[in-house]
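Subject: Structure for your files

Hello,

Here is the structure that I promised to pass on. My notes on what was found in it follow below.

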Amino acid sequence: MKNLKREFNKMCQLLYAYCLVSKGIKFTCNNTTNKGNKNVVVATQGLNKVKENIISVFGAKQISTLIDIEVVKPDQNVLDEFNIKLNPTEELPFDLEFIISSVTHGNGRSTTDRQFFYVNSRPVEPTKIIKLVNQIYKQFNVNQCPFVYLNILLKKSIVDINVTPDKRQIFLENEKLFLATIKTSLLEAFKLFPSRLPVENKDISDFFSTSNNHERKGIKRSLTDTEQMKKGYLDSFRKKSKSDNSINVGKKDYSSLELDESLRIKKEEKVETTFLEVPSCRLEKHRESHVDTVSSVIEDKSPVKLIKSLEDDETSRKITKVCKDEASSPEESTIKQNVDIPEIEIVLDAPSNNHVNRKKVHLDITLNDIRESFDFTKSEEALSQFKVKFHSTISPENNEKAEEELQKQLSKKDFSDMEIIGQFNLGFIITRLSNDLFIVDQHATDEKYNFEQLQATTVLQKQNLVNPKPMELTAGNESILIENEEIFRKNGFHFKIDKTAASTKRILLTAVPVIQNLVFGKDDIDEMLFMLKDASHTMCRPSRVRTLLASKACRKSVMVGKSLSPKDMKQLVEHMGEIEQPWNCPHGRPTIRHLINLSLLKKDDD
């Protein structure tokens, strides 16, 4: 069996649908493999609530992400959007059991594999309702799809399930009211979610100090006196070399403890991790034989003096920090103290070479030469990056593929941008769009334009019936006919509609079209209803009327063999951008085909 895995998944989806909607019925389904292994596909406990069935099938994690949707009557704005009327006192002719995923990110799913729709507990696939639910959910959660359980409870007389053999497609009477109610209910349920922020109740009292010590202005940390911290602090001022011998200590040998004593900060003081406030600072600059010395005096409680000497080929820099000491008494002024501090000499592993001797080459070139070279390189890159958009050849067996390429690559605006090259063989127009050449059939193009104009504007003459004929239509077809009554009128069919009558007995046929002694009847109405199921409010014609209009359009179109002026050719090409399907005439002949891309010719010449 082809696509066995896909068919198995479809079977499981249908089984899940019945497991969710069936209350008080226990399901157990096992799958036995070729090796004799027995696996449980699904099992329920026969519970009486839908949510309990969801837990049995998909687990407790799924139910935690779902919310119930309450039925809300549509307001006037939504009613106007769907072009329907509803009396405020009128009750809705249906009820909804509606469960859906929360719009909070993470509660949805990556696919639409868990969406279940029912009418009176029968699994169905209402295309418009499915599309509407997913569209509204995407407005609040763009990246995910919802879990959906929607059971529409209504009278059997306002739904038609005999549409397809599997009874999955349905027709609902007054379907727009269903859509409006579902939209309003979802928007009402989702409107608060974007403004909700889950907050965990945590005790944050530890982050604030309850003491009155004004010196603590934030969260601070203090340095410890351990040997490890001291060693790490000194290492930050050194640059280690590959060998220990590259670090030379100056005139006196100082132990690590003695060096740390000069940089030690009292344990009681707290050091902020942010910037320190500098009350006073004095910079002294002097220059001595390629040596720059910057002296900075910063007020602090402990005297610190640190000298770094970095040597290279030509220059060396010394940075000396001399900090003020706190006065011993209020009368004494701040005194600059000179303390003997050891010098730490750091030798770089590889001295930097700032001056490198490079060879110089003199070129005899002008700015125009550079510009021409750049333009040539740019054109070469454009040719190398060129992509062919059209691949189909002009032959009858490739018509379908060629039409798909044209629909994908050409827009309606492109027809007005096409340049007319000329007329070929008094039957074809050669046009150019960018580097692509196209050939247009002048007769087929004009015929398709005239046909669509006739189809949109022609109103057929009618013949009134002496006795109105009752139409035996299903509830779904009745609803489609009532919504598209104006289209039937343009085709010559007139009806008398009694909205107070029982379903399937509301419509009487009062007039039929008359064209060249042809008799039209219920078969033509059924044909139009079938076309309007997928394209409601779209102009359509019975096949016999379409044939007559195509013949009339052919006779009034430009014929092969007629010479055309550039203005006439431009008008024919522009007309192609004004019609819905400009690719074929009503009799099936192609109207336009791609000839060649001129860039390919240039590439071959090169």
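**Aromatic rings and a charge**

Arginine 544 lies over the face of phenylalanine 520, at 4.5 Å from the ring centre; a charge counts as sitting over a ring if NZ of Lys or CZ of Arg is within 6 Å of the ring centre and within 35 degrees of the ring normal. Please note that this is a predicted model, in which local features need pLDDT of at least 70 and side-chain atom pairs count only at pLDDT 80 or more, while totals for chains, interfaces and linings use all residues. Residues are numbered from 1 along each chain as its sequence is written, and side-chain values use heavy atoms, with hydrogens and water left out.

The structure holds eleven aromatic pairs (rings of Phe, Tyr and Trp, the last by its six-membered ring, pair if their centres lie within 6.5 Å; planes under 30 degrees apart count as stacked, over 60 as edge-to-face and the rest as tilted). One of the pairs joins phenylalanine 415 and tryptophan 583, which are tilted at 45 degrees between the planes, with 6.0 Å from centre to centre. This pair links distant parts of the chain, 168 residues apart: phenylalanine 415 is in helix H11 (residues 412-417), and tryptophan 583 is in the loop between helix H17 (566-576) and strand S23 (592-597). Helices (H or I, at least four residues) and strands (E, at least two) are DSSP runs, numbered from the N terminus. Phenylalanine 415 and tryptophan 583 are both buried, where buried means under 20% relative accessible area, exposed over 50%, and partly exposed in between (1.4 Å probe, protein chains only).

Phenylalanine 424 and phenylalanine 428 also form a tilted pair, at 6.4 Å centre to centre and 40 degrees between the planes. Phenylalanine 424 is partly exposed, with a relative accessible area of 47%, and phenylalanine 428 is partly exposed with 29%. Elsewhere, Tyr16, Phe58, Phe116 and Phe147 form one aromatic cluster.

**The loop between S16 and S17**

Asparagine 425 is in the loop between strand S16 (419-424) and strand S17 (428-433). Asparagine 425 has a positive phi of about 60 degrees although it is not a glycine, and with a relative accessible area of 61% it is exposed. Leucine 426 is found in the loop between S16 and S17 too. Its phi is also positive, at about 55 degrees, although leucine 426 is not a glycine. Leucine 426 is partly exposed, with a relative accessible area of 40%.

Helix H13 (residues 475-483) is mostly covered, with seven of its nine residues buried. Those buried in H13 are Ala475, Gly476, Asn477, Glu478, Ser479, Ile480 and Leu481. Their cover includes helix H14 (485-490) and helix H15 (522-534), as well as strands S8 (159-160), S9 (171-172), S20 (494-497) and S21 (507-515). Aspartate 526 is found in helix H15 and is partly exposed, with a relative accessible area of 28%. Aspartate 526 and leucine 481 are 45 residues apart in sequence and 9.9 Å apart in space, C-alpha to C-alpha.

Leucine 460 is in the loop between helix H12 (442-457) and strand S19 (462-470). At 12% relative accessibility, leucine 460 counts as buried. Leaving aside neighbours within four places in sequence, leucine 460 is in contact (heavy atoms within 4.5 Å) with Lys490, Asn491, Gly492, Pro513, Ile515, Arg541 and Val545.

**Surface and totals**

Val361, Leu363, Ile365, Leu367 and Ile370 form a nonpolar patch on the surface, with about 560 Å² of accessible area together. Patches are made of residues with over 30% relative accessible area and no salt bridge; like charges are joined within 9 Å and nonpolar side chains (Val, Leu, Ile, Met, Phe, Trp, Tyr) within 5 Å. A salt bridge is a side-chain nitrogen of Lys or Arg within 4 Å of a carboxyl oxygen of Asp or Glu. Isoleucine 365 lies in the loop between strand S15 (343-346) and helix H9 (367-384) and, at 48% relative accessibility, counts as partly exposed.

There are 18 helices and 23 strands in the protein. Of its 606 residues, 34% count as buried.

Regards

Definitions and conventions. Areas by Shrake-Rupley, 256 points an atom, 1.4 Å probe, with all protein chains shown as cover.
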